[in-house]
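Hi,

Here is the structure I promised to pass on. My notes on it follow below.

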Amino acid sequence: MNYEAVIGLEVHVQVKTRSKMFSRVPVAFGAPENTLTDPVVLGLPGALPVMNLAALDAVIKAGLMLGCEIAPVCKWDRKNYFYPDSPKNYQISQYDQPLCRGGSVEIELPGPSRNVMGEHRRVPLTRIHLEEDVGKLNHGANESLVDFNRAGTPLMEIVSEPALRSAEEAFAFLTALRAVMVCGGISDCDMEKGQLRCDANISVRPEGSPRLGTKVELKNLNSISFVRDGIAHEIRRQLAVVQSGGVIVQETRDYDGQTGASQSLRTKEQEHDYRYFPDPDLMPVAVDAAWKERIRSQCPELPFERQRRFFSEYGLPYTITSVLVVDRELSEYFEEAARLSADPLAVGNWVVNQFLRELGEGKLSFAELRRRVPPAAAAELVAEIAKGTVLTTAVAGLSAALFQADPPVGVRQAIEKAGLAQRSSGEDLERWCREAIAGNPKALADFKAGRDSAINGFKGPVMRAAKGKADPKAVDEMLRRLLKEAG
Amino acid sequence: MASALFHRPAAELSALLDSGAISSVELMQAVIDRVKAVDPSVRAFNSSDPDSALAQARASDERRAAGRRLGPLDGLPIGLKDVIAVEGQPLTASSKMLANFISPYDSTVASRLKAAGAICWGRLNLDEFAMGSSTENSAFGPTRNPWDLSRVPGGSSGGSAAAVAAGEAVAALGSDTGGSIRQPAALCGVVGLKPTYGLVSRYGLAAFASSLDQIGPLTRTVEDAALVLGAIAGHDPRDSTSVRSEVPDYAGLVRRRGGPWRLGIPKEYFGQGLDPEVAAAVENAIAHYRSQGCEIREVSLPHTRYGIGVYYIIAAAECSSNLARYDGVRYGHRSREATDAVDLYFRSRAEGFGAEVKRRVILGTYVLSSGYYDAFYLRAQKVRTLIRRDFLEAYREVDALVTPTSPIPAFRLGEKSADPLAMYLCDIYTIGVNLAGLPGISLPCGFTASGLPIGLQLIGQPFKEAELLSIARSYEQAHDWHTRVPSL
C-alpha cells in the first residue's frame, strides 16, 4: 500500500515591538541575563499586565495580509501550567477567540530547476493568535538557570490546516510565511535569535484516504533545515512503523537537529490540562472597522503579488524577481530606479548583481548603500552603460567605486575619476581603426572575399592601442564603417 | 471619650497638625508607643519600622513648616494590610511562602499615599493571602479583637480593623474580595469601605481573586474614609481593570448635608442565621433613616442564595491561577528538600501554603479542569451576571440598600476554625457586593449586651461612593457609636 503524509505546522513568530506584550520593559536580544525584567515580567506579587497595542496592531496586520477574518473582540485567556521558564506559571494567550481565523499562505513549490518557477499553491490557515513568550532555561551540569529576558515578548502563533504533504512543502510554507512577516515589518523572523520557531503535527495515512492518521507533534524544529530534516525523519519513522504493521502512538516528540533523531517527550495521557479561563486582569478590546481599515492601509503588497507585477510591468525574468521580491527594501529600490530608467531589465540585473553583491559583503547596511548610490544614480549608471560610455567589463569596478565613495559622488564624476570613460566616440578610435586596417592587408583581403570573421584580426591592435578602454561594440561598428568605405 | 491622640479621627488630627497644636512626630511617637503597649496582646502588626516612620513624620513637619503641605493626610500614619506592596518593606501576605519577601516596588495606592504625604505605617496581619474571615489563617498567628481579646477581629483584613480600633494606626488600607474590609470593620467597630470595582488600582495588591479584589480604607469615621478614598482612587494605567473616571472631592461632598434618600431593604438579607442583637441594631438604624424622611422600601435580590456558591467557584478558580506564581523558583519559600523542578514545586508549595489556601487552590484547580469548566466556572459566571442584575434592578427604585454587614458579632478564636463552611457563611451579606462590583460600606450601629460592636452595611450604586458616604455620615452624625473605644 502507498502512504501519504499529512502535516500541519504551528509556527511561533516573535512580533517586532519596542516593549514587551504586557509591560513597558524593552524587547532585545543578547542583553545580560535577567536585565530586561520588571515586576510584571517576573510575576512578582501584585504585578498586573497591561496590553501592548502595537503588538495587537501587528497581528491584525498579519491577519489582513494573509486574508484572515479578524475577530471583533480581542480576548485574553490564561493557559495554566507549571514550568520554570514561566514566571507566573500561566501564560497569557488566546484560547477560544483567536484574533485571526482562516486565511492562507501562498507557497511556491520547488521548480524543475533552480532557475524555473515552481508551482504555486495556497495553504489554508486555521488561526493566528497572540500570546507572551516564556523565559529561557540554561542547563548546567548540576543546576539550571533561568533567564527571563525573553519572557513577555509578544509572540504570534500561526496554525496551518493539516494541508501539507511533504517536508519540502513545509519548508516552502515557512519560507513564504517568513517573507510575508518580514515584508509586513511584523517580525524579522531570525531563527537564530528564536524569532521564528516551528512545531509540526505529522501523520501518515493510506494514499487517498479521507481519514487522518494518528498525529505526532514534533517540537523544536528551530532552524529552517531542521524543519525539513525533522519532518522527513518523522515521516520515515511513521512509515516504517505502519508498513511493518505497527501502530502510531499519539505523542509529542522532541527533534534533535544535531543528531537527527527524535525521542518521545510525552504521550497523550500525559498531556497537560491547561485549565484555560478568561484572564480577569485584562479587559476584552473591541477591534472595530475603523481600526481594521487603519491597519489595512498600512499593509504592503505581498511578495508573490509583487513578483507577478514585476513580471508584467517590467518584464523581469524569474531569476531576477525571485531574488528581488524576498527583500522589500531591495524591491522598492529596484522599482524607484526602474521608473527612472528606459531599461528596467538592465536595472534589475544591476541591482541583483552589483547592489546585492555589495550588500552581501556585509560591510555597509542597506540604508548606507542606498545613501551612497540612490535609485536615481543606479538608473543613470545603467543609462551610461547602455550609451557605451562604460565598458561592460568595467561595470563591477565602477559600481564598487560608487559604493565606496563617502561622501557620495555622482555617476559621471566617478566615471571620469576612474578614467573609465570610453574613447569610443572620439577621433582616437577612428585613427586606431584606420591604422589597424592598414597594418593587416591579409585580413582586409579575407574580409573583402566575404569571410566576415576576418574582422577580428583588426580588433586586437585597436584594443591594444586603446589600452583596453574601448567598447568592443563601438570598435566593431567603426571597423565595419571604415571597411565599407574602403569598399 | 476619645481624648488620646492615637484614638482621634484623621480629619481632626489633620486640623491639629495644620494649626500647629501637634506635630507629626508627636503623633507618630504616640502611635508607636501605643503599638508597643497594646500590640503584644492585639497582634495587629506583622512588622513595622518606627525609625523610618519617625523620619517621614519629621519630613512632614518640615513640609508644613515650609507651607508645602501635600494634602490633608500629610503626616498621618496609615497602616497597610500586608498584601499591599510598599517598596523596601516586607510583603508577606501572612504566609510562610513570602515570610522573607521584601517588595522591590510600590503599589499604586502606596505611591499615592506617599504623594499625599501619609506615612506608610507597618504591615498589618491578615488571613493568609486574604483567604478567611477571622485572621486566624495567618501563618504568624491570629490578631485579636481589641474589644474582647478572646475573640477574632474578623477577616481577612483583621489586622487593619484591629489596628484602627486599638489606636495603633490613624487609618488603614485593607482589601475586600468577599467582605474582607467590611466584615472586620463591623466586628471591630470601625468604618470600612469597599469601593466600586475599578475605582482603586489593584497594582501592587498580591492578588487573591482578580475580578473581585478591591482595596479600600478602614477608618474611625465616614469622613476619614472619604479622605483616604480621595487619595487612593482614580485611573491607573498600570491596572487594565481600573476605570477612567473623574475622582470627585469625596471629603468635601460628604460634609454636605444630603438626602432624604430612598433606601431598599433586601428581604433575603434578614433570614435564618441572623443574630437577634445584630438584627435589632440594624432595624434601629433603618428606623433612624425613616425618621429622617427617607423612603424605606423592601426589595428582593432573588439570586442572593447562590452568592456563596458562585463566589467560592470564581474566587477559588482565580486564586488557583493567581497563586501559581509562588513556586520557589524566583522568590519566596523554596524547599530545601527538593530533588528536581517538579519536586521543587510540590515541596515548596506544600511547605509554604497553609490549609485554607491549599483548600481553595485545589477547589479552583478542580472547577477549571477540562470537563468541569462549563458546569462550574462558566455557570458561576452566568449566575454572577444574574446577581449583578438583581442589584441594578433594585436601584431602579432605591438609591442604596441597607443590610447587616455580618450575621453575627465577633466570635471566639477557634470557634469556627474546624468548620470551613461555617466560616464561609460569615460573608453571606458581603459577597454579593463583590460579585456585582458595587461599593459597600460598613459603619458602627450599636453594641451587643456583652459590648461587641455591630456593623451596618450600606450598598451603593456603581461609582456613587460620594452618595454612599453621605448616607453613612448622616447616620453617623446622629449617633456616637464611632466615638467609643475599646479599653485595652
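How many residues does the contact take from chain A and from chain B? It takes 32 from chain A and 39 from chain B, with contact meaning heavy atoms within 4.5 Å. A:Pro45, A:Leu48 and A:Arg275 supply 22% of the area that chain A buries against chain B, more than any other three residues. Together the two chains bury about 2,800 Å², 57% of it on carbon and sulfur atoms (accessible area, 1.4 Å probe, lost on being put together and summed over both parts).

Please keep in mind that this is a predicted model: local features need pLDDT of at least 70, side-chain atom pairs count only at pLDDT 80 or more, and totals for chains, interfaces and linings use all residues. Residues are numbered from 1 along each chain as its sequence is written, chains are lettered from A and ligands numbered from 1 in the order written, and side-chain values use heavy atoms, without hydrogens and water.

One salt bridge crosses the interface of chain A and chain B (a side-chain nitrogen of Lys or Arg within 4 Å of a carboxyl oxygen of Asp or Glu). B:Arg202 and A:Asp281 form a salt bridge at 3.0 Å, N to O.

Now to strand E11 (residues 154–160) of chain A: seven of its seven residues are buried, so the strand is largely enclosed by the rest of the structure. Buried means under 20% relative accessible area (1.4 Å probe, protein chains only), and strands are DSSP runs of at least two residues, numbered from the N terminus. E11(A) pairs antiparallel with strand E1 (residues 3–14) of chain A over five bridges, pairing requiring at least two DSSP bridges. There A:Glu10 stands opposite A:Val159.

Enjoy exploring!

Terms used
Buried means under 20% relative accessible area, exposed over 50%, partly exposed in between (1.4 Å probe, protein chains only). Helices (H or I, at least four residues) and strands (E, at least two) are DSSP runs, numbered from the N terminus.
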